[in-house]
Amino acid sequence: MQDLHRAEFTRHALTVAEHGVGAALTALVPGRQLRPDVWELPAPVAQDFVLSGRGVLLMPTFHWTGHPLLSDLPGRPLTVTFPAGPGLPLPAGGAADADQALAAVLGRTRAEMLALLAEEHTTGGLARRLAVSDATASAHAAALRGAGLVTTVRAGRSVLHRRTELGSLLVRRHG
C-alpha cells in the first residue's frame with residue numbers, strides 16, 4: 001500500500017511541477033470542473049465550502065471508489081478523500097523496454113548509475129562499476145541529485161550516494 005500511495009503522490013507531484021496546481025486538481029477526480037475560485041466535484045448533494053484561507057487537504061485512498069468524501073471541520077483544512085488512480089503509468093513492454101526508455105531520458109550512464117544506487121556506493125565505487133572517471137561519476141551523481149533522484153552524504157573523506165524514493169520509482173521493475 002505504501003508503494004501505491006508513494007506512486008500516486010509522485011504522479012500528482014509531477015503533474016503539479018509540469019502543468020501547475022490547476023491541472024493537478026482537474027485531473028484528480030473524474031467529473032470535476034475547475035473555474036476561477038471554484039472547484040466543482042461530483043457528489044450526491046450540492047454543497048458549497050468556503051475555505052477562508054484554511055486550505056485543502058487531499059487524501060487519495062485505494063479503499064474507496066465512489067464520489068469524493070468531504071470533511072469540513074471548523075478551523076481545519078477542508079479534507080477531500082478521493083479514489084486514488086493507478087499510480088505511475090506502466091510501460092507497455094517488459095523490463096528491457098523500460099530500461100531503454102529510462103536510458104533514452106537520462107542517458108545510459110545515469111540510468112545505470114541510478115540502478116546501482118539501490119545500494120549505497122562511493123563516487124569511486126560508482127566510477128569503477130560504470131567504467132568512467134571519478135570526475136564523470138561525480139558529475140552524473142550531481143545531475144541525479146539535482147533532479148531529486150539521488151542523495152549524497154559525506155562520510156569522512158568519502159562521499160556516499162544512494163537512490164531516493166523518487167529514483168526508486170523510476171527504476172522499479174513491474175511484474
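The largest nonpolar core of this predicted model comprises 16 residues, of which Leu106, Met113, Leu114, Leu126 and Leu144 touch the most other members. A nonpolar core is here a set of buried Ala, Val, Leu, Ile, Met, Phe, Trp, Tyr and Cys residues joined through side-chain atoms within 4.5 Å; buried denotes under 20% relative accessible area, exposed over 50%, and partly exposed the range in between (1.4 Å probe, protein chains only). At least two residues of this core are supplied by each of helix H3 (95-106), helix H4 (108-116), helix H5 (123-130) and helix H6 (134-146). The most is given by H4, with four residues. A second, separate core has five residues, including Leu25, Leu28, Leu78 and Val80. Helices (H or I, at least four residues) and strands (E, at least two) are DSSP runs numbered from the N terminus.

Leu144 is in contact (heavy atoms within 4.5 Å) with Leu106, Arg110, Met113, Leu114, Leu149 and Val150, when neighbours within four places in sequence are left aside.

Residues are numbered from 1 along each chain as its sequence is written, and side-chain values use heavy atoms, with hydrogens and water left out. Because the model is predicted, local features need pLDDT of at least 70 and side-chain atom pairs count only at pLDDT 80 or more, whereas totals for chains, interfaces and linings use all residues.

Seven helices and eight strands are present in the protein. Buried residues account for 26% of its 175 residues. The accessible surface is about 11,000 Å², and 57% of this belongs to carbon and sulfur atoms; the areas come from the Shrake-Rupley method with a 1.4 Å probe, and for residues only the protein chains shown count as cover. Of the contacts between residues at least 6 apart in sequence, 44% join residues at least 24 apart.

An open sheet is formed by three strands in the order S6-S8-S7, with antiparallel pairing; two strands pair if DSSP finds at least two bridges between them. Strands S6 (121-122) and S7 (150-155) stand at the edges, each with a single partner strand, so one side of each is left without a neighbour in the sheet. Two bridges join S6 to strand S8 (residues 158-163) in the antiparallel sense, and Leu160 in S8 is the bridge partner of Thr122.

His121 is also placed in strand S6. The residue counts as buried, at 14% relative accessibility. Its side chain reaches the backbone oxygen of Leu116 at 3.3 Å. A polar contact is a pair of N or O atoms within 3.5 Å; within protein, one must be able to donate a hydrogen and the other to accept it, and residues adjacent in sequence count only if both atoms are side-chain atoms. Apart from neighbours within four places in sequence, His121 is in contact with Leu116, Leu126, Arg129, Val159, Leu160 and His161.

Leu166 lies in helix H7 (residues 165-171) and is partly exposed, with a relative accessible area of 28%. Residues up to four places away in sequence not being counted, Leu166 touches Thr10, Ala147, Gly148 and Leu149. The C-alpha atoms of Leu166 and Gly148 are separated by 7.1 Å, although the two residues are 18 residues apart along the chain.

Thr79, found in strand S5, is buried at 18% relative accessible area. Beyond its neighbours within four places in sequence, Thr79 is in contact with Leu57, Met59, Leu69, Leu70 and Ser71.

Side chains of opposite charge can pair when their charged atoms come close. The structure holds two salt bridges, a salt bridge being a side-chain nitrogen of Lys or Arg within 4 Å of a carboxyl oxygen of Asp or Glu. One is formed by the side chains of Asp72 and Arg54 (2.7 Å, N to O). Asp72 lies in the loop between strand S4 (69-71) and strand S5 (78-83), and Arg54 in the loop between strand S2 (38-40) and strand S3 (56-61), so the pair ties together parts that are 18 residues apart in sequence. Asp72 is partly exposed at 37% relative accessibility, and Arg54 is partly exposed at 22%. Glu112 and Arg108 also meet in a salt bridge (2.7 Å, N to O). Both residues lie in helix H4, four residues apart, about one turn of the helix. Glu112 counts as partly exposed at 32% relative accessibility, whereas Arg108 counts as exposed at 51%.
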